[in-house]
Amino acid sequence: MAPSSSDLKPNGVVGNRSTAKNETTSPEKTDTILTFGKFKLRGKTDDLPQEWWFASTAIPLLAATIGPLANVLSIAALVSKWRVKLPDNGQLPGGLDALGINIPDPEWEIILNAISLGCGFFGNFCLLLNFTQRIRYIVALPATIISWYFATGILIAITVAMNQYVPPARPGETYSQGFWHAIIAAILYLIGSMILMVNMLGYFLGHYPQHFELDDDQRTLILQTMMFFFWLAGGAAVFSKLCDISYADALYFCDVTVLTVGFGDVVANTNTSRGLVFPYSVIGIIFLGLMINSIRKFASGMSKDNVIKKHTLNERARTFSRSVTSEKELRDRLGLPPKRESTEFYRQPRLSSNLEPVRRTSLDQYGHFDVQGRNITFKERKSKAPAQGGGRGGAGRNHKPKPPLSRDAKMRQRAAGKEPHVKRANRREKLIMLKEEKDRFDAMRDIQAHTNRFKQYYALAWSVFAFGILWCVGALGFMYAERRIQNLSYFDALYFCYVSLLTIGYGDFSPRSNAGKPLFIVWSLVAIPTMTILVSDMGNTVVSAINRGTFTLADWTVMPKEGVWHDFVLKHPKLEGWLERRAKKLEAKKRVEEGFRVQNPDEEEGSMGNNVEEDIVKKPTLEKLAEEAPTVTEHDLARKLAIAIKRTANDLRLETPKKYSYEEWVEFTRLIRFSNTKRPEDVDEEEEEEGLIEWDWIGEDSPMLADVSESEWILDRLCESLNRYTRKQARDTKRHHLEHDQAFTIHSPEHLQLTSESSRKRQALHHDHHIDTYPAHPGPRSPGAYGHGRRNSQGYYDGAALKTPVLSRGPSGDEVVRIRREKGEGSVDGGEGSSGGSGITAVVSREEGKKTEKN
């Protein structure tokens, strides 16, 4: 079959076209996925899953940070001369880089430098329009990449040409800060272009649609980053004029000021510039704090969605795979023989009165269980079990040797995991005994606590790693950059970087070379925010651990806490078990010494154990409360449901998301499930229509795995329960009205005769309630109809004596004939109908009406 014209591409390649529905309110209802081999070009929006989360979200934000910084450095490279002449022919101590005199640059270098800056600005502008979706992704992103590649190529070409054709005459001349600013800007443009190409590759491979998936916090980070670098570059231009220093030195001064390092090598030397430091430093620090906070929130959000959540799911799956609910399942998992009932020993046949029954092999032959809380580990025996029979040649053994297996049987055994080494590996596995519902709840709480610790130390580990890399690599860079002027050793460079990272800034070491100052600007803008994030992460982990240790030490020493020994014993099951066994031994010894207690004849029978029984009644277990049938009605539960909704809505206002106890969850579960009236096999259908009803605490549908807080999840389920309850009440009311109407409806003339007695009873009942009654046999509508009408063979008046009846349609589809007569007239049969009535309703089907007309 030939392809349609819509499937033909300009290059003659036929593409497979599939559509993905778009449920948004945009004018485009469907977006097309075009496939070219391994490339899949997705539309703007679709419902397909998104992959490569780092490439789709982190790389655009990283590029949005690199771009403005590269623009600032390009400005410094454009307005600064690239070569300087050093005094004393570069001989120290007089030949410092800061005392150099600028050498004019060639005109072609200035023009190309300006073109490079323009390409960098254009690429950054296209990236901004891409973020705001003013220009299509497939147009704006290539424009950014190409522009930054042009900027990189031009800067590299300029630096190579300068070094080839007009290099500085060493040692009396050297490159200025502008030259090194250009090199660093070229590197940043190149890095930004390359990572954006990775982002585009992910789009071409169909991992995400053609737009940046950014939320409000990420857009705020982009805006704050641009504003910070604009503030940095603008302040450098102002202080350069006020302090009569070069733009490169002014940029270095603004960086040191905003980062609160303050080396003191470059300072504000006029009263105007000193006065300007007040607002400039405060506003710059505010911008820096906002940017660091946004970076930390972005990193935390990415790790939560893509690392922490995955870790939680893995922990849940691992716990679920290790959980057992009974001893039989435990033995099956460990590959142990099933437990033998005590009665089976006596059921074994006896060969003679002198022979004892053969006992089953004991579990001690394989090992023993090591129980630590809910964790159960099987400890295997190292030595082999003793032989159970004696005699030469194995005479007396009570078991038969296993026959050798064929090759196919061995393959099947290996596939089924029944080999000895597999069984041994399974027996060494730590299993979790979860018999009750509360055990599964507590297991999920343990997973949450473990995930929370993992989240904190995961962030701390990454912060420490980034800090170590920036510290060590930065020290290596400054050691080479400051070799001519300061001749720093690696230890001195480490000391300088550490003092700078902590923003101490003693001033004994500071960047003094033309290469060291541009390097410090870029390094400090990356390293100091990283150090700030590290301190914040340490506050959640290390500082919290120190606080807990301090409080624990105070509880045991200077400020003893009540119940600290009790809590310590409960946290150590072995110690608790030893104390319980010791207490039982002492109690048994005391009982033996005191002897048996004889009941006093004056005491009432059974009075000795009343207190214990009362305690049991007063303190029932949670499982017993959950299993007992509720003593409240549905209306009481509905009232509690409304109170629970109000309480949960108030819990949503708390700053810290609330975690409910198991007892509270039991009550919420009862309020969620009481409105479910369907059979157990219809629960899945009910959940699809009206929300979740059944779940497993460690299952995939666990409430603790939801992306929302527990309060929000519970509130949604309670509202669904209220919806089910109101719908049930509406159905019950409608059914009650239908039953009431059917009770007072007569469906045929034969039924009129059969129900005459019940009709008279209803008349009496309605008369007692002051309701008009209807006689069993309807009479004529007018008073004169009795004289003129005739009875037919069935005892009814024919249609000639009645006026046109009132017709309507009943619930069953039959025609309802409402016949009225005047009050005060007697009934046909002279019965109780003489009390008067306004009429009666009769339901006659259409077929019966036709038969009546024919008769």
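Reader: In which helix is Glu712 found?

Author: Residues are numbered from 1 along each chain as its sequence is written, and this is a predicted model, in which local features need pLDDT of at least 70 and side-chain atom pairs count only at pLDDT 80 or more, while totals for chains, interfaces and linings use all residues. Side-chain values use heavy atoms, with hydrogens and water left out. Helices (H or I, at least four residues) and strands (E, at least two) are DSSP runs, numbered from the N terminus. The run of residues 710-743 includes Glu712, and this helix is α22.

Reader: Does Glu712 count as buried, partly exposed or exposed, and what is its relative accessibility?

Author: Buried means under 20% relative accessible area, exposed means over 50%, and partly exposed lies in between (1.4 Å probe, protein chains only). Glu712 therefore counts as partly exposed, because its relative accessibility is 35%.

Reader: What distance separates the C-alpha atoms of Glu712 and Ala649?

Author: Along the chain, Glu712 and Ala649 are 63 residues apart. In the model, their C-alpha atoms are separated by 7.9 Å.

Reader: What share of the contacts in the chain with a separation of 6 or more comes from residues 24 or more positions apart?

Author: A contact means heavy atoms within 4.5 Å. Among contacts in the chain with a separation of 6 or more, residues 24 or more positions apart account for 67%.

Reader: Which strands stand at the edges of the open sheet, and why is one side of each left without a neighbour?

Author: The sheet has 3 strands in the order β5-β4-β6, with antiparallel pairing, where two strands pair if DSSP finds at least two bridges between them. Each edge strand has a single partner strand, so one side of it is left without a neighbour in the sheet. These edge strands are β5 (101-103) and β6 (173-175).

Reader: Which residue in β5 is the bridge partner of Val84?

Author: Strand β4, residues 83-85, pairs with β5 in the antiparallel sense over 3 bridges. The bridge partner of Val84 in β5 is Asn102.

Reader: How many helices and strands does the chain have, and what percentage of its residues is buried?

Author: The secondary structure of the chain comes to 26 helices and 13 strands. Of the 855 residues in the chain, the buried ones make up 37%.
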